[in-house]
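Work through these exercises with the model open. Try each task before reading its solution.

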Amino acid sequence: MLEMVAERLTALLGPLRAMSKDNREMRDNALRAISHALNETYIYYRGLDRGQERSPEIEDQLSRYWAAAAIPIRHLDHGLAMICEHKSEYWLNPEQWTPEQVSEFGIELEKVRDNYRKLLRPFLYRKKYKNA
């Protein structure tokens, strides 16, 4: 009896390893997409801070990055996926968003980065900021 149970458990290890690898890859792809959107947005803001003119082309691209990030992140955090979707909408017409709306929809860049970091390293993040 014990031998049969051991054999069945051993037979499950292969599929479990594959599932774990697939989940890890899915998580990595989702985090990579949001990381890319965050970095490109920070780069754009840095340029604006240095006197660069606003660019409708870059803002359109930022909208695409945020929309692309929303798709895979939905598997990890539906709320963050919706925030990415709202970021995408924001970049289509940033001048139409009031600061109150930005706050209401939770799309402040720092808040989005904090949410991303929680997914990046959930255990370490909770431990580090537990008493904050």
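This is a predicted model: local features need pLDDT of at least 70, side-chain atom pairs count only at pLDDT 80 or more; totals for chains, interfaces and linings use all residues.

Residues are numbered from 1 along each chain as its sequence is written, and side-chain values use heavy atoms, with hydrogens and water left out.

**Exercise 1.** State how many helices and strands the protein has, and what share of its residues is buried.

*Solution.* Start with the elements. Helices (H or I, at least four residues) and strands (E, at least two) are DSSP runs, numbered from the N terminus. The protein has six helices and zero strands. Along the sequence the pattern reads α-α-α-α-α-α. Next, burial. Buried means under 20% relative accessible area, exposed over 50%, partly exposed in between (1.4 Å probe, protein chains only). Of the 132 residues, 27% are buried.

**Exercise 2.** Find Arg 32 and decide: buried or exposed?

*Solution.* Arg 32 sits in helix H1 (residues 2-49). Its relative accessibility is 51%, so Arg 32 counts as exposed. Now look across to Pro 72, 40 residues apart from Arg 32 along the chain. The two C-alpha atoms are separated by 9.6 Å.

**Exercise 3.** Check the span of helix H2 (residues 56-73), then locate its buried side.

*Solution.* The expected span is 1.5 Å times one less than the number of residues. For the 18 residues of H2 that gives 26 Å, and the end C-alpha atoms are 26 Å apart, which agrees. The buried residues are Glu 59, Leu 62, Ser 63, Trp 66, Ala 69, Ala 70 and Ile 73. They fall within an arc of 130° seen down the axis, so they line one face of H2. The arc is taken from the directions from the helix axis to the C-beta atoms. Glu 57 and Ile 71 are exposed, on the face turned away from the buried side.

**Exercise 4.** Describe how helix H3 (residues 78-92) meets H5.

*Solution.* Take the axes, which are lines fitted to C-alpha atoms over the stretch in contact, with angles from 0 to 180 degrees between N-to-C directions. The axes of H3 and H5 come within 11 Å and cross at roughly 145°. Then list the contact (heavy atoms within 4.5 Å). H3 brings Leu 80, Ile 83 and Lys 87; H5 brings Leu 109, Val 112, Asn 115, Tyr 116 and Leu 119. Finish with H5 itself: its buried residues are Leu 109, Val 112, Tyr 116 and Leu 119. They cover an arc of only 85° around the axis, which puts them on the same side of H5.
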